[in-house]
Amino acid sequence: MSTVTETNQGRAPASAPVPPAIELMGISKAFGPVQANKDISMTVAKGAIHGIVGENGAGKSTLMSILYGFYKADSGSIKINGVPTEITDSHDAIAAGIGMVHQHFMLVENFTVLENVVLGAESGALLKPSLAKARGELKRLAEEYELDVDPDAVIEDISVGFQQRVEILKALYRQAEILILDEPTGVLTPAEADHLFRILRNLKDQGKTIVLITHKLREIMDVTDSVSVMRRGQMTATIETSTTSPADLAEAMVGRRVMLEVNKPPAQVGETVMEIKDLCVKDSFGVERLKSVSMSIKRGEILGIAGVAGNGQSELLEVLGGIHPASGGEILMGGEPIDLSVKANAGHRRERGIAHVPEDRHKRGLVMPFKTWENTALGYHNLPKYSKKFGFADQGAMLDDARGKMERFDIRPPNPQLIASSFSGGNQQKIVLAREIESNPDVLLIGQPTRGVDIGAIEFIHQQIVNLRDQGKAILLVSVELDEIQALSDRILVMFDGRIQGERLPENTDEKELGLLMAGVNPEDQQ
Amino acid sequence: MNNAIPKWVDIGLIPLLNLLLALLISGLVVAIIGESPIEAVKVMIQGAFGKFGIGYTIYYTTNFIFTGLAVAVAFHARLFNIGGEGQAGLGGVGVALVLLAVPWPHWTIALLVASLAAMVFGAAWAAIPAYLQAKRGSHIVITTIMFNLIGSALINFLLVGPMKAPGMAPETSVFPPEAAIPSLYDMFAVIGVSFDKHSPANISILIALLAAVFVWFLIWKTRIGYAIRAFGHSEDAAVYAGISPVKIIMVAMLISGALAGLMAVNTVQGQARHLVLDSVLGAGFVGIAVALMGRSHPVGVVLAAFLFGILYQGGGELSFAMGIPPEMILVIQALVIMFTGSLENLVRVPVERLFFSLRKGGAA
């Protein structure tokens with residue numbers, strides 16, 4: 001692995017040396033006792049695509065927030081195009097030619113594309129001239145960079161991929177020369193992600209500088225010229241992308257060798273445990289989120305549900321887990337129907353052998369201010385093993401149980417008295433997983449098992465899921481990470497717009513075909 | 001990895017600093033109106049702890065423990081019960097009804113029955129807002145505060161109508177002497193210690209302390225307490241865990257209302273010995289400040305209730321002895337509430353910073 005300090009491979013000018021677009025020198029930032037950034041120096045050449053990788057909490061977002069003026073660094077300095085620049089808020093950042101596309105878009109939902117682009121950059125008291133000017137500019141940008149969006153479309157009506165383009169347009173409209181993208185592909189289909197990368201390459205060809213924050217190593221390999229790796233608030237390496245490999249990057253991120261593949265023996269599929277027939281769900285506004293979904297899950301198999309976020313997978317998990325009532329259809333466990341009325345709750349599902357690792361562990365899976373031993377009993381706190389007479393809880397039993405779970409699932413630090421929020425994402429997920437797996441369910445529902453989880457823990461979590469399958473349990477896996485679905489599933493269903501768009505076996509399909517299904521296109525129709 | 005500040009800082013030092021700040025500003029206000037702050041503090045302390053004052057201080061403390069615990073229990077389910085005033089008032093109605101209806105043979109039985117009645121009436125008055133919140137989503141802050149007004153109107157009606165004693169005043173008849181519970185004077189007399197004979201403090205202080213112990217067990221040791229806390233921290237996680245929000249809202253509010261209602265044993269049965277208008281005298285609202293300052297922990301609530309008892313009694317003395325207007329007491333109380341409640345981070349953040357930098361220095 002060759003480490004370079006100066007990355008000028010983006011463009012090598014023949015004449016005078018071009019100063020780097022971004023130069024961070026000795027940036028440190030602490031939040032209370034947490035040192036989020038520690039003496040970070042980084043140089044990004046003008047006209048380069050520079051990746052920043054690191055596990056959750058490694059300090060990537062903090063660093064970029066300092067560059068964009070959201071936070072003030074405790075020490076250190078910033079040079080933009082060789083000029084020392086003081087960035088105290090986002091206005092300074094915009095003035096210095098820095099634009100940022102956040103992970104969660106900052107768009108006004110009921111405004112048009114044009115209005116969103118102009119918002120905050122109006123050139124006068126009257127709106128009309130600003131809009132007219134923006135319209136022309138938008139047209140030019142669209143042609144130049146493949147950034148075509150209908151300027152009069154309302155944000156809430158366009159897809160996530162288009163919304164992201166609006167964010168990029170906003171930055172370019174403000175004359176951004178440096179564009180920071182924070183986890184831009186998390187919400188995109190593979191095809192949309194490819195389009196985004198084409199846009200980024202176009203931008204680069206026009207001399208723009210791009211900083212890409214991501215945890216997907218493949219994207220780094222595909223699109224960047226150079227990459228910086230962060231670990232625990234420090235920058236551990238800056239490498240030319242062409243000289244490295246995903247395995248090397250993963251090692252630099254985690255600090256040890258990691259297995260990127262899942263070790264999975266062939267499935268021993270048994271009889272059907274859970275059958276879902278014509279399941280329908282309406283949200284609180286009466287909009288149908290699940291439209292007559294049917295499937296069956298067998299013992300000893302992992303059934304993967306692929307799809308872009310927001311196509312009904314979350315609702316499917318929540319209905320099966322007893323959090324939302326269904327508006328129609330039925331669910332059979334071992335041939336016996338389950339009570340789907342409003343009265344039935346998550347407790348009833350657990351009694352029927354359905355355990356649930358929810359998509360959002362902060363919101364649902366854990367009570368963040370609860371101690372670990374309280375969290376490992378969550379949902380099972382009324383079981384006889386945790387109960388004493390007169391309504392008292394058997395806290396001794398809960399504590400013993402938590403200790404065992406922490407040991408078996410390698411949850412660190414192994415102190416059951418620590419509250420959930422003091423653990424890292426991976427260890428939090430292991431707490432949830434330990435609780436649900438050890439409840440010995442017939443069916444395990446599991447949503448986004450490795451979202452926000454460090455690479456080291458991903459390995460472990462995947463292995464636990466496979467082990468559970470090999471014990472003859474049925475697993476319903478929902479993930480927006482297509483890699484994860486492909487690596488773990490024995491059978492794949494693709495959801496689009498609340499329906500099952502198609503079923504594939506992982507060995508007979510590829511990312512391209514799944515990507516089309518995720519976008520609502522039936523590959524057979526295209527031929 | 002432990003990012004938490006130690007407990008003694010969290011529940012000891014920070015509230016103390018808040019209190020000192022509040023008193024400092026109060027002193028400034030006293031100085032501005034031309035009185036000596038030091039003299040004022042002296043008068044307050046003497047007023048609260050003197051031979052005649054201490055009984056009143058304990059009496060007020062008892063009230064505030066009940067209402068403070070009531071607010072604290074609801075807080076644990078993230079419910080803001082500001083209906084303590086009405087629930088305690090209705091508790092008084094319950095006490096008066098059972099004590100007037102039946103001539104109870106002995107004070108122990110009378111105390112037991114009156115306590116039960118106070119709890120049932122207080123809980124019932126909390127049940128309606130709780131039901132509206134649980135089933136209809138009507139905000140409990142709005143409904144409980146409206147139920148204070150309704151409760152007060154209802155008591156007015158009862159005291160000029162069905163429950164009115166013969167005579168001019170809107171009040172019930174005096175309870176039979178068998179229903180009188182021992183005052184602190186009676187209790188101390190048993191062990192041969194003399195205590196102010198005219199002090200209103202009575203055996204209810206023991207009930208209040210028992211209630212605090214009960215709340216501690218309830219919240220931290222029982223399964224329903226577990227469910228209440230889980231719901232209070234995260235409704236989403238509670239629903240995921242199969243905990244019914246409707247049930248938790250109802251249970252927490254019923255217990256909360258019952259605790260507020262119990263206050264009537266102290267005021268109506270213990271002190272007044274008949275039901276009068278305005279028997280609660282704002283204790284329901286003070287309970288909010290007490291729960292805030294006590295961080296919803298029974299020990300904190302008892303300590304905070306004692307503090308407010310001192311402020312109440314000492315403050316009364318202040319206006320009596322120094323001619324400082326009684327509104328000043330409200331100002332001081334408001335400052336305490338402001339500093340311990342809404343301005344808490346004013347002290348918390350710097351103290352946490354200081355603490356972490358000290359620790360970092362120590363570790364390095």
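R403(A) and D400(A) sit three residues apart, about one turn of the helix, in helix α13 of chain A, where helices are DSSP runs of H or I with at least four residues, numbered from the N terminus. Their side chains meet in a salt bridge at 3.4 Å, N to O, the term standing for a side-chain nitrogen of Lys or Arg within 4 Å of a carboxyl oxygen of Asp or Glu.

Before I go on, please note that this is a predicted model, in which local features need pLDDT of at least 70 and side-chain atom pairs count only at pLDDT 80 or more, while totals for chains, interfaces and linings use all residues. Residues are numbered from 1 along each chain as its sequence is written, chains are lettered from A in the order in which they are written, and side-chain values use heavy atoms, with hydrogens and water left out.

Staying with helix α13, D401(A) forms a salt bridge with K385(A), the closest N and O atoms being 3.5 Å apart, and this pair links distant parts of the chain, since K385(A) lies in the loop between α12 and α13. D401(A) counts as buried at 18% relative accessibility, whereas K385(A), at 46%, counts as partly exposed; buried means under 20% relative accessible area, exposed over 50%, and partly exposed in between, with a 1.4 Å probe and protein chains only. Both residues belong to a network of salt bridges that also links K405(A), R408(A) and E438(A).

Turning to the two chains, the rule finds two salt bridges across the interface of chain A and chain B, and E374(A) and R229(B) meet in a salt bridge at 2.8 Å, N to O.

Key. Helices (H or I, at least four residues) and strands (E, at least two) are DSSP runs, numbered from the N terminus.
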